Amino acid sequence: MLLNINPKNETKKITSFIKKTLQDSGFEKVVIGLSGGVDSATVFYLLKEAVSPENIIVAHLYYFESQMEEIELILKKTLIPKENVYELSINPFVEAFQQALPFRHSGEEERRLQNLSASFMIERASGRAHSSLARMTDKVRLGNIMARIRMTILYDIAKKNNALVCGTENKSELLLGYFTRFGDEASDFEPIQHLYKTQVYQLAKYLNIPQNIINKIPTAGLWPGQTDENEFGFSYKEADLVLYLYFERRRRVVEITKSFPNAKKIIDFVKKNSFKHHLPYTIKDELLIP
């Protein structure tokens, strides 16, 4: 397989990277956001190989429903102090944004989103769903706000504890531009950003991450039923191979399409988000840094 890795070697390389990063930057503590998904779980397992338990701070920042049972499964036998574990709903922060900003839309998008909210009437009546769903009129804006709120909280926790924020982004997300600028893309260091999503799964299995976490459908947890692959219109498995052939083997899209029908869609997705990698735009010639 083109994207097979040596998990043992990767583990050594990444843990060495984490130790060196902390040493070079003069920090001892690390903050990580744990969602219950495979990326953050994999990074956490790598962190605990490189950093002593008392210096790892975990934040579970959820919106719809807490995944704390899964988080506790990840934290099992780690000896991380209870005071180092934060479980916090970001719903009050999101509610405040929705009340302060005009979340309005019109036409087909408005009708579609109203239907989405209507589908959760029973849950709202039972008290299991958040009232903000009824007022949600722009999912992408709301999702960006959620991602930035989470990162604001992580950085505040880091400031409080004199710690670095550890990112959990993989190479697939990076190349696809599937991130929120100043949100889930923000971090002080990124241990798995050089690994495609399918490679993260290989590493997760090697690290003995609980199978139910490995089996979870990838989601950013931004709205009910949201999944990465539904948003893409293609799978990570196909995307990783296309991205590898396009960026690392320098194959043309027309060639790749012969083996992967969604190749053009995948590369178009990359191109649509490529601006994120060039921001902020600056007048570079006038910036002199000694």
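Accessible areas here come from the Shrake-Rupley method with a 1.4 Å probe, and for residues only the protein chains shown count as cover. By that method the protein exposes about 15,800 Å², of which carbon and sulfur atoms supply 53%. This is a predicted model: local features need pLDDT of at least 70, side-chain atom pairs count only at pLDDT 80 or more, and totals for chains, interfaces and linings use all residues. Residues are numbered from 1 along each chain as its sequence is written, and side-chain values use heavy atoms, with hydrogens and water left out.

**Overall picture**
- The protein has 15 helices and four strands; these are DSSP runs numbered from the N terminus (helices H or I, at least four residues; strands E, at least two).
- Of its 290 residues, 49% count as buried, meaning under 20% relative accessible area, while exposed means over 50% and partly exposed lies in between (1.4 Å probe, protein chains only).
- Among contacts (heavy atoms within 4.5 Å) between residues at least 6 apart in sequence, 76% join residues at least 24 apart.

**Helix H1**
- The 19 residues of H1 (residues 7-25) should span 27 Å at 1.5 Å a residue, and the end C-alpha atoms are 27 Å apart, which agrees; the expected span is 1.5 Å times one less than the number of residues.
- Buried in H1 are Pro7, Glu10, Thr11, Ile14, Thr15, Ile18, Thr21 and Leu22.
- These residues cover an arc of only 125° around the axis, so they sit on the same side of H1; the arc is that of the directions from the helix axis to the C-beta atoms.
- The face turned away from this buried side carries the exposed residues Lys20, Gln23 and Asp24.
- Cover for the buried residues of H1 includes strand E1 (29-33), H2, strand E4 (163-166) and helix H10 (197-206).
- Just after H1, glycine 26 takes a positive phi of about 80°.

**Helix H2**
- H2 is mostly covered, with eleven of its 13 residues buried.
- Among those buried are Val43, Phe44, Leu46 and Leu47.

**Nonpolar cores**
- A nonpolar core is a set of buried Ala, Val, Leu, Ile, Met, Phe, Trp, Tyr and Cys residues joined through side-chain atoms within 4.5 Å.
- In the largest core, of 36 residues, those touching the most other members are Ile18, Phe44, Leu47, Val51, Val58, Ile74 and Ile209.
- H2 gives this core its largest share, eight residues.
- Apart from this core lies another, of 21 residues, including Leu3, Tyr178, Tyr236 and Phe269.
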